[in-house]
Amino acid sequence: MSDAAWGAKSYLGTSGGTLGGTAAGKILGLNPYGGEHEVWSDLVYGSTFEGNEATERGTRLEPVVADLAAEHLGVALVEPAVETLFLPTPPGGSPPPISGSPDRLTEDGQTVIEIKTIARDLRGALAHHVLQAQHYMHLCGASAGVLVYLQTFRASTFDMITDVETAKEAIRWGAAKLHIYEIPADPNYGQVVDALTAWFDAYVATKTPPPVDGSKACFENLRRASLEAAGEVPASEGVALAALAAFEAAEAYKLKSADAKAAKAAKDEADNQVRAEL
């Protein structure tokens, strides 16, 4: 592992927010579960995300999948020496807003192992996961990465996997499958880091919301920013929640209206069929 990857350990806990591998995918439009407005809100106002079934499952099964991967690859895997890695601060400059938390490394530090659990069809490594692995390889100065997926076809199958042996049993019976994808380090990923840093400087450092994209997070951010700019309310969690509640209420009304129209159309069709039979 390069010394540069550990250069900003003192920055840990004092960063005020950085861009990790998951955020990178959201900013670049590769992550289907969120976009740049979500990242911006988390950094400017603070994240309220406390986890969900998928993240809890991933955390619980990470050691199990790591052991499966080590056995499959025939190498020893280790956890990083620190939980979060940062790019080093340039002389006379500010700490770069780039960070990452790889799941495992080979003992020589030259290969990053990223572990995923997934309960749906999988036809190749997912783009946002590949980017995440590249992000961590850049931070570590690694030359290669490996994406490891433990896939099941039903989320409930994961409940039966508690250790390596039960995971192997699920794989043996076809209820689960282990996917291994090797990824060479992109020598040009530094350009992505530059783009992410520019995004951070343009939007997060200035507290300016990113361009409108029509997402819920976008609505929430623009609503909150406009209210704060007008001095109508103080910056608070309540404003964001109220804005989001208003948005969701409007969406719910649209769905109910659509359901009502569909129900009426179905009733009219049934009435017409009855009349035709008579």
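Author: A helix here is a DSSP run of H or I with at least four residues, a strand is a run of E with at least two, and both are numbered from the N terminus. Gln134 has its place in helix α4. The model is a predicted one, in which local features need pLDDT of at least 70 and side-chain atom pairs count only at pLDDT 80 or more, while totals for chains, interfaces and linings use all residues. Residues are numbered from 1 along each chain as its sequence is written, and side-chain values use heavy atoms, with hydrogens and water left out.

Reader: How many helices and strands does the protein chain have?

Author: The protein chain has eight helices and seven strands.

Reader: Why is Gln134 called buried?

Author: Buried means under 20% relative accessible area, exposed means over 50%, and partly exposed lies in between (1.4 Å probe, protein chains only). Gln134 has 10% relative accessibility, so it counts as buried. Beyond four places in sequence, Gln134 touches Ile183, Pro184, Ala185, Asp186 and Tyr189, where a contact means heavy atoms within 4.5 Å. In the protein chain as a whole, 38% of the 278 residues are buried.

Reader: What makes α4 and α6 roughly perpendicular?

Author: Helix α4 covers residues 127–140 and helix α6 residues 189–204; they pack at an angle of about 95 degrees, with axes 10 Å apart. The axes are lines fitted to C-alpha atoms, for helices over the stretch in contact, and angles run from 0 to 180 degrees between N-to-C directions. Under 35 degrees counts as roughly parallel, over 145 as roughly antiparallel, 65 to 115 as roughly perpendicular and the rest as oblique. The pair α4 and α6 is therefore roughly perpendicular.

Reader: Which residues of α4 and α6 meet?

Author: From α4 come Leu131, Gln134, His135 and His138, and they meet Tyr189, Gly190, Val193 and Leu196 of α6. The residues of this contact are four nonpolar, four polar and no charged. Nonpolar covers Ala, Val, Leu, Ile, Met, Phe, Trp, Tyr, Cys and Pro, charged covers Asp, Glu, Lys and Arg, and the others, Gly among them, are polar.

Reader: Why is β5 called largely enclosed?

Author: Strand β5 runs over residues 111–118, and eight of its eight residues are buried, so the rest of the structure largely encloses it. Thr111, Ile113, Ile115 and Thr117 point one way from β5, whereas Val112, Glu114, Lys116 and Ile118 point the other way.

Reader: Why does Trp40 count as buried?

Author: Trp40 is at 0% relative accessibility and so counts as buried. It lies in helix α2 (residues 36–45), and seven of the ten residues of α2 are buried, so that helix is largely enclosed by the rest of the structure. The cover over the buried residues of α2 includes α1 (21–27), α6 and α7 (216–230).

Reader: Which residue is 164 residues from Trp40 along the chain, and what separates their C-alpha atoms?

Author: That residue is Val204, and the two C-alpha atoms are 6.3 Å apart. Beyond four places in sequence, Trp40 touches several residues, including Trp199, Tyr203 and Val204.
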